[in-house]
Amino acid sequence: MTPQEIESAVLRILGTIAPEADLTRLKPDVPFRDQLDIDSIDLLNFFIAVDKELHVEIPETDYPKVATLKGCVQYVASALAVRA
Amino acid sequence: MAEFRMPLLGADMTAGRLVTWYKQPGDTVQRGDIIAEVDTDKGAIDVEVFTSGVLEKILVQPGEKVPVGTPLAVIREAAPAEQAAPQPAAPSPAPLAATAPAGPERDVRMRQAIAAAVTRSKREIPHFYLATTIDLQHATTWLGEQNATRPVSDRFLIGVLFLKAVALALRDVPELNARWEGGRVARSEAIHIGVATFLRDGGLIAPALHDADGQSLADLMRSFRDLVNRTRAGELRSSELSDPTITVTSLGDRGVEAVFGVIYPPQVAIVGFGRVVERPWSVNGQLVTRPVVTATLSADHRVTDGHRGALFLAAVDALLQEPGRL
């Protein structure tokens, strides 16, 4: 997957978690939690969906690395590259 | 014959509109089956039946709005032997359906229902409030160790430790797990924790996590996530709205450190948890930093007093010091 494809997939997942959010205005460097009205259950649902749809299981200790859109795309891209 | 009635789904519900019948006359129904959808101030709710038998006659058609308690259908009760041996239901024709209102109309009605409930609560219930700060060093360490070995779909949230600790602490102070009805307190044997859940388009519902004290932590986590997801998807069941025996509210995800809740009548207590924060903490005379949470209790002074409330919060604290036993 290209970084663009990963970003689209991450945004699609976020859209299912927070359907009311305008994701076109999501700032890539700012944590999701500071921009979207999401709670810990939403974040857990997000990580479960990333695992299911992108086949990347993110350990809890790496959650700080995937707190932003940019960080999340980079993390998933690296994980997929290591596997390839 | 038994009557299946419009259920009371919250202290201030007066009427509901039948949206869909999932069963038709002649169908077999088992206790616990969802047989209808009803539209209320809290959105569309799946309604369960509490009698096993055969649906004899439908009395209220989709689209009709009727007061709480109105018979909706007649059920011919199964003989005890039939109740013990469930029979498969015949395939049902496509359900008759009306459309539940959504959007602004539902939002206005939900806000009115919340307004009525909290106004009644503050008018009738003499609240008292307690707070304590709980050291979560053991709990967060244990959680990290557990989650390192669990697949992402089975990971625990700190919130589920809070829910289980509350459920177990209620065994020590059972008068907080009760309803105030007809001028007296009625304790509940079952511990059904109402989980205060915000809805994305505004509003708040606190459906019941049933028998929270008897579930393993893994089961409780699954039930908790399922309940919150179904609440937000508008897929609650009637019993989840009608039978919480106490409520837990957590605003830690919103950044606040403490929440002093308003009791949902006819319940007699609400427990609050704030955000987990690092704070200076004294351990054996040494100053260290520890993750801590502020736990609060709002309780009905007609039912109990500060001494018992303090024992309850102390029990929650003690349970969170031994997370492996939750």
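Q: A crossing is left-handed if the near helix is turned anticlockwise from the far one by less than a right angle, and right-handed if clockwise. In this predicted model, is the crossing of α1(A) and α3(A) left-handed or right-handed?
A: Look at chain A, with helix α1 at residues 3-17 and helix α3 at residues 40-54. The crossing of α1(A) and α3(A) is right-handed.

Q: How is α1(A) oriented to α3(A): parallel, perpendicular or oblique?
A: The axes of α1(A) and α3(A) come within 10 Å and cross at roughly 140°. Angles over 145 count as roughly antiparallel, and 65 to 115 as roughly perpendicular. The angle therefore makes α1(A) to α3(A) oblique.

Q: Which residues make the contact, and how do they divide by class?
A: From α1(A) come A9(A), V10(A), R12(A), I13(A), L14(A) and I17(A). From α3(A) come D42(A), N45(A), F46(A), A49(A), V50(A), E53(A) and L54(A). By class, the residues of this contact are nine nonpolar, one polar and three charged.

Q: In chain B, how is α4(B) oriented to α5(B)?
A: Helix α4(B) covers residues 158-172 and helix α5(B) residues 217-233. Their axes lie 10 Å apart, at an angle of about 110°. Angles of 65 to 115 count as roughly perpendicular. So α4(B) is, relative to α5(B), roughly perpendicular.

Q: How many nonpolar, polar and charged residues has the contact of α4(B) with α5(B)?
A: α4(B) passes α5(B) in a right-handed crossing. V160(B), L161(B), L163(B) and K164(B) in α4(B) meet L217(B), L220(B), M221(B) and F224(B) in α5(B). The classes are seven nonpolar, no polar and one charged.

Conventions:
Residues numbered from 1 in each chain as written. Chains lettered and ligands numbered in written order. Predicted model: local features only at pLDDT ≥ 70, side-chain atom pairs only at ≥ 80, totals over all residues. Heavy atoms only, no water. Axes fitted to C-alpha atoms, helices over the stretch in contact; angles between N-to-C directions. Helix = DSSP H or I, 4+ residues; strand = E, 2+ residues; numbered from the N terminus. Parallel < 35°, antiparallel > 145°, perpendicular 65-115°, else oblique. Contact = heavy atoms within 4.5 Å. Nonpolar A, V, L, I, M, F, W, Y, C, P; charged D, E, K, R; others polar.
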